[in-house]
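Today I am opening a new notebook page on a protein model. I will start with the whole chain and then pick out a few places to look at more slowly.

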Amino acid sequence: MSADHTPVMELLYASHAAAQREAPVRRGDDPACQVVLRAAKADADDGGMERLTSLALGTAVCASDLTVVLADHKNITTQQLIDELVAARRDQGAEDTAMPALLLAMRADDPDPAVELLGNLIAGDDDAFLDLIVELGGYAATCVSLLAILEISPVEDTLAELAETVKQFFADKQPPHDEAAEARR
């Protein structure tokens, strides 16, 4: 894959900045949404989906790695942490999304379920796909903040490690899920 990791990191930084704000921003003005919309516009201009697909995959890799780190810190499985996330979202009245399934699929040895899930979203509902990318960025930003709050890893260190993870992923190498997660423990 010839994708650049820069848009993924731009989304993570924008999502992290948005999460730090006290007052919510209108959706169209949200910096994370702007990153996704710029990628969507560039893809539309080119008649493809490469930027959005790369943004989704790269952000999913980051979110998945961060989920593993937090689950390990809590001494629970990734599945248990994702179940807690789903339950908390339902308690807050949020609708179910594809994010929990994608996070689990990203942890599998076989990448086909993650690719199929993303493919179905791309082919089905453009808005749901764009929302998923923004949601992944927000979730990853929350995880980055939690790692700092729990004194596991400072924000800048975690973001630097994630940048390396995404670079390796896009260099068509096996992403260092276990090594990156181990480094943040």
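Here are my entries, from the overall layout down to single side chains.

**Entry 1: the whole chain**

I reminded myself that this is a predicted model. My first look-up was the secondary structure: the protein chain has nine helices and zero strands. Reading from the N terminus, I wrote the order down as α-α-α-α-α-α-α-α-α. Next I checked burial, and 45% of the 185 residues are buried. Then I looked at contacts with a separation of 6 or more, and 68% of them join residues 24 or more positions apart.

At what angle do H5 and H7 pack? I found about 70° between helix H5 (residues 99-107) and helix H7 (residues 126-149), with the axes 10 Å apart. Angles from 65 to 115 degrees count as roughly perpendicular, so H5 is roughly perpendicular to H7. I also noted the handedness: H5 passes H7 in a right-handed crossing.

Which residues make the contact? From H5 I listed Met99, Leu102 and Leu103, and from H7 Leu132, Glu135, Leu136 and Tyr139. Sorting the residues of this contact gave me six nonpolar, no polar and one charged.

**Entry 2: Ser15**

I moved on to Ser15, which sits in helix H1 (residues 6-20). Is Ser15 buried or exposed? The cut-off for buried is under 20% relative accessible area, and Ser15 is at 4%, so Ser15 counts as buried.

Who are its partners? Leaving out residues up to four places away in sequence, Ser15 touches Ala32, Gly137, Gly138 and Ala141. For one of these I have a distance: the Ser15 side chain reaches the backbone oxygen of Gly137 at 3.5 Å. I also looked up Pro31, which is 16 residues from Ser15 along the chain, and the two C-alpha atoms are separated by 7.2 Å.

**Entry 3: Asp30**

My last stop was Asp30, in the loop between H1 and helix H2 (31-46). Its relative accessibility is 16%, and therefore Asp30 also counts as buried. What does the side chain of Asp30 reach? I found the backbone nitrogen of Ala32, at 2.6 Å. Ala32 was already on my page as one of the residues that Ser15 touches.

**To remember**

I am keeping two pictures from this page. One is H5 and H7 packing at about 70°.

How values were computed:
Residues numbered from 1 in each chain as written. Predicted model: local features only at pLDDT ≥ 70, side-chain atom pairs only at ≥ 80, totals over all residues. Heavy atoms only, no water. Axes fitted to C-alpha atoms, helices over the stretch in contact; angles between N-to-C directions. Helix = DSSP H or I, 4+ residues; strand = E, 2+ residues; numbered from the N terminus. Parallel < 35°, antiparallel > 145°, perpendicular 65-115°, else oblique. Left-handed = near helix turned anticlockwise from the far one by under 90°. Contact = heavy atoms within 4.5 Å. Nonpolar A, V, L, I, M, F, W, Y, C, P; charged D, E, K, R; others polar. Buried < 20%, exposed > 50% of the residue type's maximum accessible area, 1.4 Å probe, protein only. Polar contact = N/O pair within 3.5 Å; in protein donor to acceptor, adjacent residues only side chain to side chain.
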